[in-house]
Amino acid sequence: MSKQDAGYDYTRYRQLLAEAVDENKRLELIDLMIREKARDRLQAQRMSDRMAMTTATVSRILDQAGRRDA
């Protein structure tokens, strides 16, 4: 099975499943799906961290702007 980065392409998974005619290929497919899910979770965590940093930055800027107006 290839290690191409195709994201969550369900058509691709169906094709890989159809090609998984023996135990070894089925295990490779399972491993691939596990790795890609892990990548998805890591991406979600990074996005969450970025949003938290952005929120903190905006809050700090607004706080500084409020102090100037006072």
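Colleague: In this predicted model, are H1 and H2 roughly parallel or roughly antiparallel to each other?

Modeller: Two packed helices are described by the angle between their axes and the distance between the axes. Here the axes of H1 and H2 come within 9 Å and cross at roughly 155 degrees. Angles over 145 degrees count as roughly antiparallel. The relation of H1 to H2 is therefore roughly antiparallel.

Colleague: Which residues of H1 and of H2 make the contact?

Modeller: H1, residues 10-19, and H2, residues 23-69, are the two helices concerned. From H1, the contact is made by Arg-12, Tyr-13, Leu-16, Leu-17 and Glu-19. From H2, the residues are Lys-25, Leu-29, Leu-32, Met-33 and Glu-36.

Colleague: How many nonpolar, polar and charged residues does the contact of H1 with H2 have?

Modeller: Leucines such as Leu-16 of H1 and Leu-29 of H2 take part in the contact, and Leu counts as nonpolar. Arg-12 and Glu-36 also take part, and Arg and Glu count as charged. By class, the contact has 6 nonpolar, no polar and 4 charged residues.

Colleague: Where around the axis of H1 do its buried residues lie?

Modeller: The buried residues of H1 are Arg-12, Tyr-13 and Leu-16. Because they cover an arc of only 100 degrees around the axis, they lie on the same side of H1.

Colleague: Which exposed residues does the face of H1 turned away from its buried side carry?

Modeller: What covers the buried residues of H1 includes H2. The face turned away from that buried side carries the exposed residues Tyr-10, Thr-11, Arg-14, Leu-17 and Ala-18.

Colleague: Does Arg-12 count as buried or exposed?

Modeller: Arg-12 is found in helix H1. The cut-off for burial is under 20% relative accessible area. Because its relative accessibility is 9%, Arg-12 counts as buried.

Colleague: What polar contact joins the side chains of Arg-12 and Glu-36?

Modeller: Glu-36 is found in helix H2 and, at 2% relative accessibility, counts as buried. Arg-12 belongs to H1. Their side chains are joined by a polar contact of 3.2 Å.

Colleague: What separates the C-alpha atoms of Leu-16 and Arg-26?

Modeller: Leu-16 is found in helix H1 and counts as buried at 11% relative accessibility. Leu-16 and Arg-26 are 10 residues apart along the chain. Their C-alpha atoms are separated by 8.8 Å.

Key: Residues are numbered from 1 along each chain as its sequence is written. This is a predicted model: local features need pLDDT of at least 70, side-chain atom pairs count only at pLDDT 80 or more; totals for chains, interfaces and linings use all residues. Side-chain values use heavy atoms; hydrogens and water are left out. Helices (H or I, at least four residues) and strands (E, at least two) are DSSP runs, numbered from the N terminus. Buried means under 20% relative accessible area, exposed over 50%, partly exposed in between (1.4 Å probe, protein chains only). A polar contact is a pair of N or O atoms within 3.5 Å; within protein, one must be able to donate a hydrogen and the other to accept it, and residues adjacent in sequence count only if both atoms are side-chain atoms. Axes are lines fitted to C-alpha atoms, for helices over the stretch in contact, and angles run from 0 to 180 degrees between N-to-C directions. Angles under 35 degrees count as roughly parallel, over 145 as roughly antiparallel, 65 to 115 as roughly perpendicular and the rest as oblique. Contact means heavy atoms within 4.5 Å. The arc is that of the directions from the helix axis to the C-beta atoms.
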